[in-house]
Amino acid sequence: MLEENGRLLKVTREALGLSLDAVEEATKVREYYLQLLENGDLSGMPGRIYAIGFAETYAKFLGIDPAGLLEDIKAFYAKNSADVGFEAYVSGKKVVQAVAEGGSPNAAWHEVKDKAESRLADQNAKAESANQLRASAYANVAMGRPIRSRSRRFGKRFLWVLLGSVVITLLLALYLLQDNPELPGFLQGSEQLPVAESEVQANAAPVTIIVTAQDEEIWVGATVDGTKHSQVTLAPGLSQAFTAQNHLYLRFNKATHTTVEYNGQTLEDFSAGSDIWNFNFYTDSYDGYADQPVGSDN
């Protein structure tokens with residue numbers, strides 16, 4: 001009967017177009033145990049309680065009345081338990097009788113008896129463990145606590161490990177960024193940070209300058225209203241904004257690769273091929289000059 005009920009499970013599953021993987025995902029019963037049930041083979045089951053629980057879950061999932069299947073499973077375990085106990089009893093009786101008659105007991109009897117008792121003890125231990133687990137689950141439900149499965153505990157551990165890995169990666173990235181001499185100056189602790197043009201316009205001052213590195217890295221130094229700022233290094237495509245109330249002095253290299261905006265106006269063709277340029281910007285005017293090459297006449 002177990003084999004017939006197993007074939008019924010398999011035929012129903014295939015008729016529904018379900019794979020064993022899909023059933024495992026839906027019922028949380030391992031594919032190995034599902035296949036044992038379909039084959040009518042309970043030898044690989046961890047115990048009677050588990051076999052009954054797996055079978056009932058699987059049958060109800062497929063829409064099959066589990067009563068017949070559960071009855072066969074209970075009968076199987078009842079018969080096997082009785083056989084084991086009887087085997088142990090018969091073996092022990094034969095040994096006692098042989099000794100009483102003064103004969104030498106067969107060593108094979110002792111082996112059969114030991115194996116039978118071992119099997120019986122193992123089944124009893126599994127049943128006791130299953131009963132304890134079941135009682136603990138019922139107690140948790142009665143007290144309003146959720147039943148925590150092994151998969152959920154593993155999922156939480158995985159999330160904590162993942163979160164820790166992300167934090168460590170971010171800390172390592174910040175450390176490498178701080179120690180990288182090739183990074184823009186604003187990432188190395190310069191006093192001013194690049195700001196978007198919209199932010200500059202929102203906080204407009206009488207003198208507003210935006211310096212942009214076009215296609216090569218440049219350095220920029222500035223003195224704002226008499227206060228000298230640290231030198232800033234800009235990577236290609238990055239900008240640095242400066243604002244002042246009265247006077248702004250600006251000095252930078254690679255002028256042919258630099259764009260300068262003064263109060264929204266882009267200064268064009270100012271470099272004349274020179275590398276280092278100096279600018280003085282005021283509220284209503286500006287002037288600029290290039291550094292003379294070493295050894296040249298003024």
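Predicted model: local features only at pLDDT ≥ 70, side-chain atom pairs only at ≥ 80, totals over all residues.
Reply: Buried means under 20% relative accessible area, exposed means over 50%, and partly exposed lies in between (1.4 Å probe, protein chains only). Residues are numbered from 1 along each chain as its sequence is written, and side-chain values use heavy atoms, without hydrogens or water.

Me: Which residues have the most contacts inside the largest nonpolar core?

Reply: In soluble globular proteins, nonpolar side chains tend to be buried together. A nonpolar core joins buried Ala, Val, Leu, Ile, Met, Phe, Trp, Tyr and Cys through side-chain atoms within 4.5 Å. Here the largest core has 24 residues, and Ile209, Leu248, Leu250, Phe252 and Phe281 have the most contacts inside it. Two or more residues come from each of β1 (207-213), β2 (218-224), β3 (227-234), β4 (239-244), β5 (247-252), β6 (258-262) and β8 (277-282), where strands (E, at least two residues) and helices (H or I, at least four) are DSSP runs numbered from the N terminus.

Me: What does Leu250 touch, leaving aside residues up to four places away in sequence?

Reply: Leu250 touches (heavy atoms within 4.5 Å) Ile209, Val211, Val220, Gly221, Ala222 and Phe242, and also Trp277, Asn278, Phe279 and Phe281.

Me: How should I read the aromatic pairs, and how many does the structure hold?

Reply: A pair of aromatic rings is described by the distance of the centres and the angle of the planes. Rings of Phe, Tyr and Trp (its six-membered ring) pair with centres within 6.5 Å, and planes under 30 degrees apart are stacked, over 60 edge-to-face, the rest tilted. The structure holds 14 such pairs. Tyr33 and Phe54 are stacked, at 5.0 Å centre to centre with 25° between the planes, and this pair links distant parts of the chain, since Tyr33 lies in helix α3 and Phe54 in helix α4 (residues 48-62), 21 residues apart. Tyr33 and Phe54 are both buried.

Me: Which class does the pair of Tyr262 and Tyr286 belong to, stacked or edge-to-face?

Reply: The ring centres of Tyr262 and Tyr286 are 5.4 Å apart and the planes stand at 70°, so this pair is edge-to-face. Tyr262 sits in strand β6 and Tyr286 in strand β9 (residues 286-290), so the pair links distant parts of the chain, 24 residues apart. Tyr262 counts as buried because its relative accessibility is 8%, whereas Tyr286, at 37%, counts as partly exposed. Tyr262 and Tyr286 also belong to one aromatic cluster with Phe252, Phe270, Trp277, Phe279 and Phe281.

Me: Which residues of α3 are buried?

Reply: An α-helix has 3.6 residues a turn, so residues three or four places apart point the same way. In α3 the buried residues are Tyr33, Leu34, Leu36, Leu37 and Glu38.

Me: Where do Lys254 and Asn263 lie, and what is phi in each?

Reply: Lys254, which is not a glycine, has a positive phi near 50° and is placed in the loop between β5 and β6; at 26% relative accessibility it counts as partly exposed. Asn263 likewise has a positive phi, about 50°, although it is not a glycine, and lies in the loop between β6 and β7 (265-267). With 37% relative accessibility, Asn263 counts as partly exposed.
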